[in-house]
Amino acid sequence: MEHITLSNGINMPMLGFGVFQVDDSAVCERVVGDAIEVGYRLFDTAMTYNNEEAVGRAVRNSGIGRKEFFITTKVWISDAGYDRTLQAFDLSLNKLGLDYLDLYLIHMPFGDYYGSWRAMERLYKERRIRAIGVCNFSPARLMDMSYNFEILPAVNQIESHIHCQRKEELAVMGELGIQPQAWAPFAEGMKGTFTDPVLTDIALKHNKTTAQVMLRWNIQRGVVVIPKSVHKERMIENFDVWDFSLDEEDMQRIATLNKGIPTMLDTEKPSEVRRLYSYLDNPVLTSLK
Ligand code: NAP
């Protein structure tokens, strides 16, 4: 496993494990337990995934020391703002059954995220979180933060896969020292990512799978990946990306697959903002109400 050093000097694994849409508590605990056995140590959950308890149980029951893990969770839109974020953080930590977090992220760039960030700066200074970051923040929002805060996000978690390559965004994050982390590194298999002919060809050349090529490609661009799978054999496959490298020609061929737009979630679209706010009506997806 390779690690990357974040702007504040802490190390983060280049490959982790996401648990979005693993809502069933027993299933999630089993899945995270399997992933720990395979070797994953970075786990990415969120208040809205409704599985923080299960993730925490699997981590605590693993028999592996807390310091070996890198645990991430996120504050949802309903908890934007200074006071609510402080409360949401305590609730998440309680659900996880942990006494500190490795990474706390603002889930969406909506609402009073300035207030949330001030709360997170405080929690960071109190050493209750080892690093703080954001998700789905555009380069302009990140640049704006750089003029208004003492601490910049250590991480921006964004949709990043072969169809949404984010070259310009990565350049700005590089300039600001913000580590990119790819959510949906397979685009959840949508639009045929696993069967793409270019990836199939490259995979054959290296005797690997298209999933492994997709992960390796982001890793080689310096982007941390957090694939999700409920199947142990796929967890093993997705973890096995350290024994090969994509060459310049492979990287250039994959560059041609870019569609240049988010294919799963575009937080700059008014209709998407409306859709995400409509989740606030769902009690499962709001933490403090
Ligand atoms: P993903 O990792 O791109 O894709 C997961 C899908 O791919 C699942 O359907 C899984 O099926 C399948 N899969 C996994 N490995 C495979 C393999 N080797 N061969 C074939 N199929 C495979 O999508 P994601 O879960 O949306 O994204 C990953 C993580 O990013 C999430 O779990 C979450 O932690 C995070 N995320 C964050 C945000 C955000 O706004 N910050 C948004 C979305 C996601 P099975 O499970 O059936 O194997």
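**A first look at the chain**

Modeller: Happy to! Keep in mind that this is a predicted model.

Colleague: How many helices and strands are in the chain?

Modeller: Let's take both kinds of element in turn. The chain has 10 strands, and the number of helices is 11.

Colleague: What radius of gyration does the chain have, next to that of a compact globule?

Modeller: Start from the length, which is 289 residues. A compact globule of that length would have a radius near 19 Å, and the chain agrees with this, so we can read off its own value: 18 Å.

Colleague: Is strand 9 enclosed or open?

Modeller: Strand 9 covers residues 179–183, and we call a residue buried when its relative accessible area is under 20%. On one side Gln179, Gln181 and Trp183 are buried, and on the other Pro180 and Ala182 are buried too. That makes 5 of the 5 residues buried, so strand 9 is largely enclosed.

Colleague: Which residue of strand 9 is the bridge partner of Gln157?

Modeller: Look at strand 8, residues 155–159, which runs parallel to strand 9. The two strands are joined by 5 bridges. For Gln157, the bridge partner in strand 9 is Gln181.

Colleague: How far apart are the mean positions of the positive and negative charges?

Modeller: The chain has 32 positive and 39 negative charges. Taking the mean position of each group, the distance between them is 2 Å.

Note on methods: Residues are numbered from 1 along each chain as its sequence is written. This is a predicted model: local features need pLDDT of at least 70, side-chain atom pairs count only at pLDDT 80 or more; totals for chains, interfaces and linings use all residues. Side-chain values use heavy atoms; hydrogens and water are left out. Helices (H or I, at least four residues) and strands (E, at least two) are DSSP runs, numbered from the N terminus. The radius of gyration is taken over C-alpha atoms; the globule rule is 2.2 Å times the number of residues to the power 0.38. Lys and Arg count as positive and Asp and Glu as negative; His and the chain ends are not counted. The place of a charge is taken as NZ of Lys, CZ of Arg, CG of Asp or CD of Glu. Buried means under 20% relative accessible area, exposed over 50%, partly exposed in between (1.4 Å probe, protein chains only). Two strands pair if DSSP finds at least two bridges between them.
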